[in-house]
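Hello,

Here is the structure I said I would pass on. Please look through it first, then read the notes below it.

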Amino acid sequence: MSLRPHGGRLIDRTVKHQGEIERMEEDARRLPSLELDERELSDLEMIATGAFSPLEGFMTRRDYLSVLEFSRLDSGLPWTIPITLATDGETARRHGPGSRMALRDPAGTLFGILDVEDAYPWDRRREAEQVYRTTDTAHPGVRYLMTRGDWLLGGKIALVRRPPHPGFESVLLDPAETRFLFRAKGWRTVAAFQTRNPVHRAHEYIQKCALEIVDALLLHPLVGATKEDDVPAPVRLRCYRVLLDRYFPPNRTVMSVFPAAMRYAGPREAIHHAIVRKNYGCTHIIIGRDHAGVGGYYGTYDAQLAFHDFDPRELEITPLFFDNAFYCRACEGMASYKTCPHEPERRVMLSGTAVRRLLQAGELPPPEYSRPEVAEILRAAMAVKPEGSPRTGVA
C-alpha cells in the first residue's frame with residue numbers, strides 16, 4: 001500500500017535556520033499578539049510538523065464550512081475535524097486578511113506567526129451538532145467549544161519554537177522521522193494504536209492480533225490536552241514502557257508520543273486519527289470499540305461504521321476493526337465476542353469504575369485483566385495523588 005501523505009505531500013511549516021528564527025522573533029515584537037490555549041498550541045505544532053497534512057495553517061472559511069457539513073476540505077479531500085483558531089470580534093475586525101499576528105502562549109512566549117487570510121464568525125452549536133453529535137455541555141468537546149471566541153482566523157502558519165514536552169523528548173518522533181524509521185527497518189506495513197489510557201490486557205491482545213497481520217506496531221499514545229480526570233500522560237508512559245519492554249518483540253514495535261489534543265469526537269475523530277497516522281507513515285490503524293468516544297454519546301461501533309462513508313482509496317489507510325476483548329476462564333485465554341461461546345460469568349471484564357476502586361483500596365485487578373506490573377504503576381500513582389482529585393480513564 002502507498003505511504004503517500006494525505007494530499008500527496010508532507011507539509012513542513014517549521015522554521016529551522018537560526019538566523020530566520022531570530023529575524024521572525026524580531027518581527028514578532030512589532031506584531032499584534034494572539035494568545036493560544038493548550039489545544040491551539042498543539043494544533044499549531046501538528047500543522048507545522050506535517051501531522052495534519054495537507055493543512056498549512058488554521059482553516060479558512062471555505063475549508064471550515066466544507067469540513068463541518070461534508071467531512072471534506074474544500075478541495076474534496078476527506079477531513080473530519082475543524083482545525084481553527086478563535087478570537088474575539090474586535091481582534092478579528094482589526095486584524096483581518098493581510099495582517100500578520102504573533103502566536104503566543106499565556107506566558108507571552110512566541111511560538112509562531114500567522115499570516116491572516118480570512119476572519120469569519122462561526123456557529124458553536126452547529127459545530128457541536130456536526131462534530132460531536134450533541135450540544136450537551138457535559139461533553140468535554142462541546143464544553144470547550146462554548147468557551148472559545150466568536151470569530152475564527154484562518155491562514156498559513158510558521159512555527160518558530162516547539163511547545164515543550166518535558167519527559168517525552170526521547171520518544172517524540174515527527175512524521176518525517178517515523179517515515180524514515182519505518183523505511184530504515186524495512187517495514188512495509190505498520191499498524192498504529194491510538195490510546196489515551198493505560199494499556200490493559202484487552203489492548204495488548206488486539207495489538208498482538210494486529211502484529212500477526214503487519215510488519216510492525218506503532219504504539220502512539222496521545223499526550224496533548226485531555227479531560228482533567230484522565231490518567232496523566234507520564235503515568236501512562238511508564239505503563240507503556242514496562243509492557244513493551246517485557247511482552248513485545250523489540251524488533252517489531254516502536255513507541256512515539258502523539259502530541260495532539262483529544263477531541264472526544266467519536267466517529268469523526270476516528271477518521272481523523274486514521275488520516276493523521278497515514279501522515280506518520282502507517283498503513284493500518286487499529287479501531288476498537290467506541291474509538292475516541294466519551295460517556296454514552298456514540299454507539300459502540302459507530303467509529304468503525306464511519307469508515308464506510310469513505311472510499312478506501314481516498315483514505316489510503318486500512319482500519320483493523322476489533323470487538324470488545326476479555327479473558328475467558330473457560331477458553332483459558334484472551335477472546336472476544338466473535339470468538340468466545342461461553343457465558344458472561346466466565347469472562348473477566350471490569351469497568352473503569354471497578355478498577356479504580358480496587359486501585360484506590362490498594363488492591364490490584366486480576367492478572368487476567370491487567371499485567372501486574374502495569375497495575376502496580378497505576379496503584380502507586382493513585383496512592384500519591386492529591387486528596388479530592390480523582391483520576392478516571394484507567395480502563
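Val 223 sits in the loop between β9 and α9. The model is a predicted one, and the values here were computed from it. With a relative accessibility of 14%, Val 223 counts as buried, the cut-off for that being under 20%. The residues that Val 223 touches, leaving out those up to four places away in sequence, are Phe 168, Ala 233, Arg 236, Leu 237, Val 257, Phe 258, Pro 259 and Ala 260. One of these, Val 257, is 34 residues away along the chain, and its C-alpha atom is 6.4 Å from that of Val 223.

Lys 227 belongs to the loop between β9 (216-221) and α9 (233-247). Is Lys 227 buried or exposed? Its relative accessibility is 18%, so Lys 227 counts as buried. Between the C-alpha atoms of Lys 227 and Gly 141 there are 9.3 Å, although the two residues are 86 residues apart along the chain.

Arg 183 is part of helix α7 (residues 175-185). Arg 183 counts as exposed, at 56% relative accessibility.

Next, the protein as a whole. It has 14 helices and 15 strands. Its radius of gyration is 21 Å, close to the 21 Å that the globule rule gives for 395 residues, so the protein is as compact as a globular protein of that length. Along the principal axes, the C-alpha atoms fill a box of roughly 70 × 50 × 40 Å. Of the 395 residues, 56% count as buried. Among contacts with a separation of 6 or more, 73% are made by residues 24 or more positions apart. The accessible surface is about 17000 Å², and carbon and sulfur atoms account for 49% of that surface.

How many of the 11 residues of helix α8 (residues 201-211) are buried? The count is 8, so the helix is largely enclosed by the rest of the structure. The buried residues of α8 are Arg 201, Ala 202, His 203, Glu 204, Ile 206, Gln 207, Ala 210 and Leu 211.

Now the charges. The protein carries 53 positive and 53 negative side chains, and the centres of the two sets are 2 Å apart. There are 31 salt bridges, counting a side-chain nitrogen of Lys or Arg within 4 Å of a carboxyl oxygen of Asp or Glu. Here are some of them:

- Glu 56 and Arg 9 form a salt bridge, with the closest N and O atoms 3.6 Å apart. Glu 56 lies in the loop between α2 (38-48) and β2 (57-58) and Arg 9 in the segment before α1 (18-28), so this pair ties together parts that are 47 residues apart in sequence. Glu 56 is partly exposed at 22% relative accessibility, and Arg 9 is partly exposed at 48%.
- Asp 12 and Lys 16 form a salt bridge whose closest N and O atoms are 2.3 Å apart. Asp 12 is partly exposed, with a relative accessible area of 44%, whereas Lys 16 counts as exposed at 54%.
- Glu 376 and Arg 379 form a salt bridge with 2.4 Å between the closest N and O atoms. Both residues lie in helix α14 (residues 372-384), 3 residues apart, which is about one turn of the helix. Each is partly exposed: Glu 376 has a relative accessible area of 32%, and Arg 379 has one of 23%.
- Glu 20, Arg 23, Glu 26, Asp 27, Arg 29 and Arg 30 are joined in a network of salt bridges.

Leaving out residues up to four places away in sequence, Glu 127 touches Tyr 64, Leu 68, Pro 82, Trp 122, Tyr 132 and Leu 145.

Regards

Note on methods:
Residues are numbered from 1 along each chain as its sequence is written. This is a predicted model: local features need pLDDT of at least 70, side-chain atom pairs count only at pLDDT 80 or more; totals for chains, interfaces and linings use all residues. Side-chain values use heavy atoms; hydrogens and water are left out. Helices (H or I, at least four residues) and strands (E, at least two) are DSSP runs, numbered from the N terminus. Buried means under 20% relative accessible area, exposed over 50%, partly exposed in between (1.4 Å probe, protein chains only). The radius of gyration is taken over C-alpha atoms; the globule rule is 2.2 Å times the number of residues to the power 0.38. Contact means heavy atoms within 4.5 Å. Accessible areas come from the Shrake-Rupley method with a 1.4 Å probe; for residues, only the protein chains shown count as cover. Lys and Arg count as positive and Asp and Glu as negative; His and the chain ends are not counted. The place of a charge is taken as NZ of Lys, CZ of Arg, CG of Asp or CD of Glu.
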